[in-house]
Amino acid sequence: MGTDLRVLRQDDWDEWYDNLIRAFGGVPESAEERELFRELTAYDRSIGAWDGDRWVGTAGAFRFRLTVPGGASVPAAGVTMVSVAGTHRRRGVLTSMMRRQLDDVHAWGEPLAVLTASEPVIYGRFGYGVGTYHLNADIDTTRVRLSVPPGTDDVQLRYAAPADVLDACEAVYAQLVSRRPGMVARVPGWERLWLLDPESERDGASPLQCVVAERDGEVVGFVRFRVKAEWEAAGPKGTVVVSDLDALDPAVHGALWRFLFDLDLTSRIEVKRRPVDEPWQYLVSDVRRCSLLVRDALHVRLVDVGAALQSRTYQAPVDLVLEVEDAFCPWNSGRWRLSGDTKGASCERTTDSADLALSVRELGAAYLGGVSLASLAAAGLVREVRQGALAQAAVGFGSAVAPWLPHGF
């Protein structure tokens, strides 16, 4: 008996979600987290594979708006909750769901699909390229010192219950969204993600704490964190586990990071999912003792090449014909003339000779400006047809700041 795909009904959500949890190891999440994702699920954008009367595959797509170079907020399908039952591997279940999903996204008129991958090897064959990276660090604060910029001492810090200042923290985040490609404009409900604090997921650390930064009575930054207390014969060696941190300017950034460095009874800061160009790296005395690790974050798929490329701007003028290969979404295949600069862009079908040849996967990797087309060409993944076109494209597609996805989904 074969499988068939169905749109998720609310009455089926528990069984559908239980299949997802089982595929990810079977460890149940907290009741609070489960209820949050029940509410966030876009039922009309979620599908599942059935074998007879059993769910054997799941996939969903949130409605997102993603910041692209130039600051525009572009509709994007946030692909999520993808799983295939271990009993039904190698039967084409995932491929059928990806086929249906990308057809749907195209029909919805959303030019982008994005996801975070549990295993990065999976999604390249469906046209997704790694478009953003994030930085993890383990900072030895007993041996690393932090310098701070002018104005740091003018920033006031205070503790606050995370729920009490949630709206103020979200207002700070909202001001930052347009400044950096890859950031997602949060719709109502997503702010509650940051208040999830089940004891089972703290690994012995404290409940979630929050410190807000203020200037003239206005919240201009915040950090949410936990403290994991540890002791040895010589004394305390606790760890500050940072959940998230946002700051509107360098002085606020410096004040919040100095607070983390100076917390009593701690000797380490553990931080994950930060921008690869985050400023504190240039303020520390010894970056080697920060144990930096870069990992893939947002995987980007251009569902409509023309609409996606003309939605962003280009940091230097470009006038290029791109020969795009896209076997999975053939409506993208062919030649596209891209003309653009810092003010805007157009991208139309053309029969003119190609300047660059690449697959939609590489185009997705370069789209947000964090991966250089020149680097992809050096790897043999982009072919320069017209001499000089690669340099023009590499500069134009770049971004002044590294793209960053602040959180998973």
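Guide: Let's begin with Arg226, which is found in strand S10 (residues 218–228); strands are DSSP runs of E of at least two residues and helices runs of H or I of at least four, numbered from the N terminus. Please keep in mind that this is a predicted model, in which local features need pLDDT of at least 70 and side-chain atom pairs count only at pLDDT 80 or more, while totals for chains, interfaces and linings use all residues. Residues are numbered from 1 along each chain as its sequence is written, and side-chain values use heavy atoms, with hydrogens and water left out.

Arg226 has 15% relative accessibility, so Arg226 counts as buried (under 20% relative accessible area; exposed is over 50% and partly exposed in between, with a 1.4 Å probe and protein chains only). Leaving aside neighbours within four places in sequence, the contacts of Arg226 (heavy atoms within 4.5 Å) include Leu196, Asp197, Arg202, Ala205 and Ser206. Pro207, Leu208, Thr239, Val240 and Val241 are also in contact with Arg226. If you look for Glu33, 193 residues from Arg226 along the chain, the two C-alpha atoms are separated by 18 Å.

From here, let's move to Arg180. This arginine is buried, because its relative accessible area is 15%. Arg180 forms a salt bridge with Asp277, the closest N and O atoms being 2.8 Å apart (the rule asks for a side-chain nitrogen of Lys or Arg within 4 Å of a carboxyl oxygen of Asp or Glu). Asp277 sits in the loop between strand S14 (266–274) and strand S15 (293–296), and Arg180 in the loop between helix H4 (166–176) and strand S9 (209–215), so the pair ties together parts that are 97 residues apart in sequence. Asp277 has 21% relative accessibility and therefore counts as partly exposed.

Salt bridges come to 32 in total. One of them joins Glu323 and Arg335, at 2.7 Å from N to O. Glu323 belongs to strand S17 (residues 318–325) and Arg335 to strand S18 (residues 334–340), so this pair links parts 12 residues apart in sequence. Glu323 counts as partly exposed because its relative accessibility is 27%. Asp286 and Arg289 meet in another salt bridge, with 3.4 Å from N to O. Elsewhere, Asp14, Asp18, Glu29, Arg34, Glu35 and Arg38 are linked in a network of salt bridges.

For a contrast, visit Glu362 in helix H7 (residues 360–367). Glu362 is buried yet has no salt bridge; Arg361, the nearest side chain of opposite charge, is 4.3 Å away (Lys and Arg count as positive and Asp and Glu as negative, with His and the chain ends not counted). Beyond four places in sequence, Glu362 touches Leu376, Leu381 and Val382. Seven of the eight residues of H7 are buried, so this helix is largely enclosed by the rest of the structure.
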